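Take a first walk through this structure.

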Amino acid sequence: MKIVLAPMEGVVDAPMREMLTRVGGIDQCVTEFVRVSERVLPAKVFRKICPELFNDSRTSSGTPVVLQLLGSDPQILAGNARKAVSIGANGIDLNFGCPAKTVNKSKGGAILLNEPELVHKIVWWVRQAVPGHIPVTAKMRLGYSDKSLALENASAIADAGASGLTVHARTKEEGYRPPAHWEWISRIREHLSIPVTANGEVWSWQDYQRCREVSGCDDVMIGRGLVAAPDLGLRIKALQRGDDPDHLSWDEMLVLLQQFMDMVELQLAPKFVHGRIKQWLKMMSREYPQAMPMLQEMRSLTQVVEVRQFLRQYSE
Ligand SMILES: Cc1cc2nc3c(=O)[nH]c(=O)nc-3n(C[C@H](O)[C@H](O)[C@H](O)COP(=O)(O)O)c2cc1C
């Protein structure tokens, strides 16, 4: 019964993983994708996206972090996987789901789902490249424009030796529009003999329960729901045990936000700090309406020191 924090480029970076795993209830994280095109990347690229490599691929609270690669050339992906493992990666995940135009144009992400043989080749090469004890997993959507190749792609991934598959239950064309087709995850799970993790549109305990029921999966990956409500994993686990947990209070969220700002300031150039705070506030406003007026007030702030002061004022 694992809860996995979803990879989210530009949102779930190391500071966000740190904050969310500090709250608890998360069993594993996956990094934002490392985009691989023509060569084996230098160690610093992997370490920037996954600073947890310096800490045995774990966040400070001890939650394991798997490194995700995105690309289309099997041998180059394999070389990069080997490199990542040589500098401490404890697991490699392969991205067959990214819908971004720029990524798909250079033949990475969801577009690969039009070519199950290539999907097979990629997983096979990466599996061969890294030691057997390092898990190689994949994350796929149900297809590019339709779902006709969903089972074929899933089989290609399993037959090539992947140790697990996460299914985001939508096609690329379906973007992020609800619903997520959890019943398709069930079809895929029944078709494979490797563990399948269900993903898409889990925002609450009720969603989690229905997702598990419909998909038949024990493990669930959650992205936006955990960013909006950082204690969602903890609460799901408590509710499963029959407890009645409290929500993280708004005051506690403000403390998290300040700690997040400290970490973002250490990792990003000042011009990006403001944007990351606003981004999180916007996402948490789904669960915490108190975030909305803050967002509006933040519009007039331009300097990092002003943002810092503003957050401090709010917490007092
Ligand atoms: C802003 C954003 C960035 C994402 N970046 C990645 C990524 O780097 N790799 C990946 O496999 N999926 C990525 N995804 C997809 C998520 O991992 C997840 O599959 C999707 O958000 C559905 O799950 P959710 O409904 O729980 O958010 C991204 C999604 C969003 C919204």
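How many Å separate the centres of domain 1 and domain 2, taken over C-alpha atoms? The separation is 28 Å. The model is predicted: local features need pLDDT of at least 70, side-chain atom pairs count only at pLDDT 80 or more, and totals for chains, interfaces and linings use all residues. Residues are numbered from 1 along each chain as its sequence is written, and side-chain values use heavy atoms, with hydrogens and water left out.

Start with the layout. The protein chain is divided into domain 1 (3-241) and domain 2 (250-315). These bounds come from an automatic or database domain assignment. Across the divide, 19 residues of domain 1 are in contact (heavy atoms within 4.5 Å) with 15 residues of domain 2.

Next, the core. A nonpolar core is a set of buried Ala, Val, Leu, Ile, Met, Phe, Trp, Tyr and Cys residues joined through side-chain atoms within 4.5 Å. Buried means under 20% relative accessible area, exposed over 50%, and partly exposed in between, with a 1.4 Å probe and protein chains only. The largest nonpolar core holds 102 residues. Leu-69, Leu-94, Phe-96, Leu-165, Trp-280 and Leu-281 touch the most other members. Helix α11 (residues 250-267) gives the most to this core, with nine residues. Helices (H or I, at least four residues) and strands (E, at least two) are DSSP runs, numbered from the N terminus.

Beyond its neighbours within four places in sequence, Leu-94 is in contact with Leu-69, Ile-122, Val-123, Val-126, Val-136, Thr-137, Ala-138 and Lys-139.

Leu-268 lies in the loop between α11 and α12 (270-284). Leu-268 counts as partly exposed because its relative accessibility is 28%.

Now turn to helix α8 (residues 205-215). Here Asp-207, Tyr-208, Cys-211 and Ser-215 are buried. Seen down the axis of α8, the buried residues fall within an arc of 100°, so they line one face of the helix. The arc is that of the directions from the helix axis to the C-beta atoms. These buried residues pack against β1 (3-5), α7 (182-191), β7 (196-199), β8 (219-222) and α10 (232-241). Gly-216 follows α8, with a positive phi near 75°.

Finish at the ligand. A polar backbone atom of Pro-7 is 2.7 Å from an oxygen atom of the ligand. A polar side-chain atom of Asn-95 lies 3.2 Å from a nitrogen atom of the ligand.

Methods
Polar contact = N/O pair within 3.5 Å; in protein donor to acceptor, adjacent residues only side chain to side chain.
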